[in-house]
Amino acid sequence: MVGILQKTILHIDMDAFFAAVEVHDHPELKGLPVVIGSPPDKRGVVSTCSYEARKFGIHSAMPSRTAFQRCPKAVFLPPNMKRYHEVSQQIMEIFRRFTPLVEPLSCDEAFLDVTGARYLFGDGPTIAKKIKEAVKKETGLTCSVGVAPNMFLAKIASELDKPDGLTLVPFSEKEIPAFLAPLPIKRMWGAGKKTQAILEAHRIRTLGDLQTADPAKLAAWIGESSAASFRRLALGVDGRELETESEEKSISNEITFDIDERNAAVVEAALLDLADKVGGRLRCAGFYATTAQIKVRWTDFSTITRQRRLDPPCCDDITLRETALELLRKEGLHSPVRLIGFGVSNLRETADAPQLDLFQALEKTTSTRREQLSRVVDRIREKFGRASIQRGSKL
Ligand SMILES: [Mg+2]
């Protein structure tokens, strides 16, 4: 029985999204192995591929060259982000017909809290079926849905039966641990390759192993906070609420160095790379940022953030790189760096300041030119992969 206080969460994930859009738009590709990403004669990777291509062992993030070796007759196509963005908005709009509580995770994936919607549209599986039908009818595409009492379980469930699946997680607290127990450790949220390797070395291979692991030992292996959160999630307990802001409020990226980094040039290069990535995401989302921020975690785990206003608001790599570097140099590297991050916030949809004086107008021309340049770089990277274009100098 579904308790009155229990939530109903759906996780919806489009199947092989980019490839599926291409096959839908070009029906002659139906049934063929289709690979979206860099062409095989260039450096770069596979972004998405059709299920027919997956049969040859092709998967996303694999070098396109390897994909070509595995299946020379595969059809390679460059990504058409504009078109995928269009379809993405279409599916998100369908989701919002059923509930205003939608948290998009990426352009083809979202959580929906349909707890209240049950009274209007029927129980979780019924809503899931209605959404799948609407998506299929209006976009021609299929998606896989997980229905569960919380976000962690819903996300796990949507992956269990792909493509075109609908998986219902048991809602009884007694049955949930047994449902999770056989799943491999890689399903755990926040368990990266390193953590997986540590756990596997200690014979923790499934979520069931995590459920019964000695808490003290687990904490010693992977740290107290990961141990606590993994144990809770492995038992199916997840109290997180959806974050349903309709617009992205901030965009950021960070990296942790394998060994705490003392070399300023290495830290700066990493920061500039992060600024590029954030810039790319910002332009893809169609926003301009008014604040840029760096984050530095030192070797003793103390963490600082430093921010600066961007005026006029911008989305180009050059300004973001300059700002990131200035903020870092002003702070100085006084001890080894454990983690470096860069982010932008206070996003808006245009670069226009409400009142533009002459000086600002001049500034604006520079930033417009920088923006155009960054967008050209995006298009080259979209076509030929990230490594295809590098800057001549640090800036
Ligand atoms: Mg997907």
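Author: Thr319 counts as buried because its relative accessibility is 17%, where buried means under 20% relative accessible area, exposed over 50%, and partly exposed in between (1.4 Å probe, protein chains only). The model is predicted, so local features need pLDDT of at least 70 and side-chain atom pairs count only at pLDDT 80 or more, whereas totals for chains, interfaces and linings use all residues. Residues are numbered from 1 along each chain as its sequence is written, and side-chain values use heavy atoms, with hydrogens and water left out.

Thr319 belongs to helix α14, residues 317–331; helices (H or I, at least four residues) and strands (E, at least two) are DSSP runs numbered from the N terminus. Leaving aside residues up to four places away in sequence, Thr319 touches Leu310, Cys314 and Arg370, contact meaning heavy atoms within 4.5 Å. With Arg370 there is also a polar contact between the two side chains, at 3.0 Å. A polar contact is a pair of N or O atoms within 3.5 Å; within protein, one must be able to donate a hydrogen and the other to accept it, and residues adjacent in sequence count only if both atoms are side-chain atoms.

One salt bridge is counted between domain 1 and domain 2, a salt bridge being a side-chain nitrogen of Lys or Arg within 4 Å of a carboxyl oxygen of Asp or Glu. Eight of the 10 residues of α7 are buried, so the helix is largely enclosed by the rest of the structure. At the start of α7, a side-chain oxygen of Asn150 reaches to within 3.3 Å of the backbone nitrogen of Phe152.

Glu159 and Arg187 form a salt bridge, with their closest N and O atoms 2.5 Å apart. Glu159 lies in α7 and Arg187 in the loop between α8 (176–180) and α9 (193–201), so the pair ties together parts that are 28 residues apart in sequence. Glu159 is partly exposed at 32% relative accessibility, and Arg187 is partly exposed at 24%.

Other salt bridges also link separate segments. Asp15 and Lys162 meet in one at 2.5 Å, N to O. Asp15 lies in the loop between β1 and α1 (17–25), and Lys162 in the loop between α7 and β8 (166–168), so this pair ties together parts that are 147 residues apart in sequence. Asp15 is buried, with a relative accessible area of 3%, whereas Lys162 is partly exposed at 27%. Lys7 forms a salt bridge with Asp113, the closest N and O atoms being 3.5 Å apart. Here Lys7 sits in the segment before β1 and Asp113 in strand β6, 106 residues apart.

A magnesium ion has Asp13 (OD), Met14 (O) and Asp108 (OD) as its protein donors, 2.2 to 2.5 Å from it. Met14 lies in strand β1 (residues 9–14) and Asp108 in the loop between β5 (102–106) and β6 (109–113), so the pair ties together parts that are 94 residues apart in sequence. Donors are N, O and S atoms within 2.8 Å of the metal (3.2 Å for Na, K and Ca), and water is not among the atoms, so sites may look incomplete. Both Met14 and Asp108 are buried.
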